[in-house]
Amino acid sequence: MYLPYSLKTLINLFKGIPKNSKSPITVLRSSLQCLEKARNFIIMDKIDSSNQLVKRVKLVASNGLPPLQYRIQFIDECSIEEAVRFMIEHFLPNTNMDKAVGTINDEQTVAAYSLDWNTRLRKGISLGAFLEDDAGNKGRMISCLVLDIRRKEEEEFSSSEQYPSEKFGIIFRAMYEVMSKANIFKKYECDAVLLDYGLATSAEFQRRGIGVEMMEARAKVCSIKKIPVSAGVFDSEASQKLAEKCGYETLAELDLTTYRIHGKLVYHRPSWSLIKCMAIRYF
């Protein structure tokens, strides 16, 4: 799932977005313009490698499904806008927490996510799955995994932090609370952790093992960056089973049906009540 990296930076960027934006795509264009202006102070943590390819996968036709060929690679500058659009289309309308608070229908919250994803994607450590033909030509994106590195010495966020939108704050507060309960740095005695800020796969390519491949590809990022632990917040039964299948253990849980902010229940009829902070140590 997702946890903001620098809310102060995000809020400063957010101020540049027109409040009368009419659609998520208009908001995204404005977000990209704000980020271009801010490139000088966006912290880069790029993978220093000329080879962006992580893995090629080729599936034969089976059980009535056609053959499928795709590659998993690090998302480069040329694919950032495609990746953000993909996440808006396939992540926000389908995750348990975002559906429960109606994120996709709130332009300010969509804009906040767009800015946050852009910031992280520019670091060059996120992963994308792209269709590929027999000649090795890259096609459209079919899955996206936004990743970032959280270091032990970074400043903690407080519950009184100002948020770009109410719904963005609702998501962040719950995510931060379960991450804090997990206490990853103490649990694994590590100084940095690779965090998941959203994994989505196009509906037409689901149930073909792409989620497992994307989860397992995190190991290469950890190996290159010399970060032993990967973690994330998983907010649905399916995502939690996927993480368990890939060797992740549960560190902390939070019940959305009883979660309150200022005494008020904020998640209305979530499709899955428990969110979990789950992690794995690779080395």
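Predicted model: local features only at pLDDT ≥ 70, side-chain atom pairs only at ≥ 80, totals over all residues.
Mentor: Residues are numbered from 1 along each chain as its sequence is written, and side-chain values use heavy atoms, with hydrogens and water left out.

Trainee: At what angle do helix α8 and helix α9 pack?

Mentor: Two packed helices are described by the angle between their axes and the distance between the axes. Here helix α8 (residues 210–225) and helix α9 (residues 237–245) pack at about 55°, and their axes lie 10 Å apart.

Trainee: Which residues make the contact?

Mentor: From α8 come G211, V212 and M215, and from α9 come L242, A243 and K245, contact meaning heavy atoms within 4.5 Å. By class, this contact of α8 with α9 has 4 nonpolar, 1 polar and 1 charged residues, with Gly counted as polar and Lys as charged.

Trainee: How many aromatic pairs does the whole structure hold?

Mentor: A pair of aromatic rings is described by the distance of the centres and the angle of the planes. A search of the whole structure finds 7 such pairs. One of them joins Y113 and W117, a tilted pair at 5.0 Å centre to centre with 35° between the planes. Ring centres must lie within 6.5 Å, and planes under 30 degrees apart count as stacked, over 60 as edge-to-face and the rest as tilted.

Trainee: How many residues apart in helix α5 are Y113 and W117?

Mentor: They are 4 residues apart in helix α5 (residues 107–121), which means a separation of about one helical turn. Y113 is buried at 0% relative accessible area, and W117 is likewise buried at 0%. Y163 and F172 form a tilted pair too, at 5.2 Å centre to centre and 50° between the planes. Y163 is buried at 17%, and F172 is buried at 1%; buried means under 20%, exposed over 50%, and partly exposed in between. Ring pairs also link F91, Y113, W117 and F168 into a cluster.

Trainee: Is R207 buried or exposed?

Mentor: R207, whose phi is near 65°, a positive value in a residue other than glycine, lies in the loop between β5 (192–201) and α8, and R207 is exposed at 81% relative accessible area. H262, also not a glycine, has a positive phi of about 55°; H262 is found in the loop between β8 (260–261) and β9 (264–265) and is exposed at 78%.

Notes
Axes fitted to C-alpha atoms, helices over the stretch in contact; angles between N-to-C directions. Helix = DSSP H or I, 4+ residues; strand = E, 2+ residues; numbered from the N terminus. Phe/Tyr/Trp six-rings, centres within 6.5 Å; stacked < 30°, edge-to-face > 60°. Buried < 20%, exposed > 50% of the residue type's maximum accessible area, 1.4 Å probe, protein only.
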